[in-house]
Amino acid sequence: MSADVLYRIEALAKIFRVTVVSMGPLCKEEQRIANVDYLELPDIKGKLNWIKYLYACARLINRQQPDRVVLMHTLLAPMVWLLRKIPLALYWNVHPSQLFEPSPNPSLMQRLAQKAILAGGFFAAARRASLIMPVTKAHYHDLLHRGCKPERVRLFYMGVHEQYSCAASNPFRPAEENCLNLVYVVAVGQTRGYDMLLKGLALANRDRRVAQLSILGATGEEYRYCVKRALELDIHQDVFIFAHVSGDRIPVMLYGMDAGIFLWEERPWWQFNLPTKIFEYLAAGLPVLASDIYMHTQYIANGYNGIVFECSPTSLANAIGQLWAQRANLPRLKRNAAECGRQYLWRQIEPRFLLAMTNFDVTGWVAEQGRAGDSQMTIY
C-alpha cells in the first residue's frame, strides 16, 4: 500500500468507521492503522485476478450497503458499473492508458479495443462517480475534457509527509572545495534510467570530480547492475547505493543533499502522471534535475527550483555541470524548492480532503456539512 493511500485512510479513520478491503494480506505493520477494520478477499488469483477482484468487491458492497465507498485507484473505476446507487469517491492517481504498453505498429483492432476500454471502462465510469479526486492538474483538466461535471471533481495532490520539510531546514554546505551531493530515489515498478544516470555522472566528472551520487532503494538485479556499471565507468568512488531503504528513512537521508535527480522516458501517460518523488524533493528543499517530459516541466521551472534537461547522458552531465558552476546560487534554489514544496505537504491537503469526503453524496459535492463519525467508509 503506497504512502498516499495510507495518508488518506488515516485521515478518514479520524471521522469515519473505516473498513479496508484488499486483494491480498497487508503484511507490513506500518500499513495497519488503529481503529480500522481490514478484510482480505480470498481466492483472487490467476490472470483474471483484477476482474475477479472487481466483481468480488462489488458483491460485497451491494450486500453490505455501506454509507460511502472510496475506490483508491484509477484501475478500480470499472467497478462503478457493478454497483447500485451509492455515494462513491474515486481516487484518480494514474492515467488508464498506462494499462497499455505503447506498440510501434498497433493494428486497427488493437487501437479500437484500447479506445473502447478507455472510453467505456474508465472515463464513462468516472463520469458516474459521485466524487473524482485527481492528483495532478493535468488529470483534473483531462477529466473535465472527458465530460466529468466540475462539481464532482476535486484536485488533491498525493501528499508528502511532514518529515520531508525537516530536511529543508538543513544548513547549506559550501561546495567550493568539495563536490555536489546528488540523490536519486528509486520509484518502484517504473522505468528507472540507471544507465543514463551513471553515464551522465561519469561525463560530469570526466575532467574534475564535481558530484557524487547516492541511489536510494536499488535492490536485486538493479543493485548488481549499478555496482557493475559504476566500476566499468570508473565512478565507483562517486556512487553510493543503499538497498532496502524504508520510506520513513528517506527524509533523514535527504538531509545534507544538494539536489535530487529524476529521469523519466517519455510515455503517453506521463502527460498526466507525476511521481510523488518530485514533490518529496521539493518539500525537502532540494532543487530537482528533471528530464524534460511534459509533467516535469509543469512543476520544475528551469533555473528557479531546478534544472530541466533533455533525456540523455550528455544533457544530464551538462545539467550537473551547470549546477556546479552556479553553486553560489544553491541557497536560493533550495529556498525556492522548499517554498514550492510546502503546498504538497499532507498537512496542507488533509483538511480540504476531509471536507470533500464529508460533504458529498450520490449527486456530488453538497453545500451542507455532512454527518461523520457514525458513517461507514469502505475503502478498496
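Which residue in S8 is the bridge partner of Leu213? In this predicted model, the bridge partner of Leu213 in S8 is Val239, and this pair belongs to the pairing of strand S7 (residues 211-216) with S8, which runs in the parallel sense over four bridges.

S7 and S8 are part of an open sheet of six strands, arranged in the order S8-S7-S6-S9-S10-S11 with parallel pairing. Strand S8 (239-242) and strand S11 (306-309) are the edge strands, each of them pairing on one side only, and the twist from one strand to the next averages 20 degrees. Helix H9 packs on this sheet, where it touches S6, S9 and S10, and the direction of H9 makes about 170 degrees with that of S9. The elements involved in that packing are set out below.

| Element | Residues |
|---|---|
| Helix H9 | residues 276-283 |
| Strand S6 | residues 180-185 |
| Strand S9 | residues 259-262 |
| Strand S10 | residues 288-291 |

**The pair H6 and H11**

Two packed helices are described by the angle between their axes and the distance between the axes. For helix H6 (residues 194-204) and helix H11 (residues 313-325), the axes come within 8 Å and cross at roughly 50 degrees; the two helices are therefore oblique to each other, and their crossing is right-handed. On the H6 side the contact involves Met196, Leu197, Lys199, Gly200, Leu201, Leu203 and Ala204, which meet Pro313, Thr314, Leu316, Ala317 and Ile320 of H11. Sorted by class, the residues of this contact are nine nonpolar, two polar and one charged.

Helix H1 (residues 3-12) has eight of its ten residues buried, so it is largely enclosed by the rest of the structure. The buried residues of H1 are Asp4, Val5, Leu6, Tyr7, Arg8, Ile9, Ala11 and Leu12, a list that includes the charged residues Asp4 and Arg8.

A buried residue is also found in a loop: Ile86 lies between strand S3 (68-71) and strand S4 (88-92), and with a relative accessible area of 7% Ile86 counts as buried, because the cut-off for that class is under 20%. Leaving aside residues up to four places away in sequence, Ile86 touches Ile61, Gln65, Pro66, Asp67, Val69, Ser130 and Val362.

Note on methods:
Residues are numbered from 1 along each chain as its sequence is written. This is a predicted model: local features need pLDDT of at least 70, side-chain atom pairs count only at pLDDT 80 or more; totals for chains, interfaces and linings use all residues. Side-chain values use heavy atoms; hydrogens and water are left out. Axes are lines fitted to C-alpha atoms, for helices over the stretch in contact, and angles run from 0 to 180 degrees between N-to-C directions. Angles under 35 degrees count as roughly parallel, over 145 as roughly antiparallel, 65 to 115 as roughly perpendicular and the rest as oblique. A crossing is left-handed if the near helix is turned anticlockwise from the far one by less than a right angle, and right-handed if clockwise. Contact means heavy atoms within 4.5 Å. Two strands pair if DSSP finds at least two bridges between them. Buried means under 20% relative accessible area, exposed over 50%, partly exposed in between (1.4 Å probe, protein chains only).
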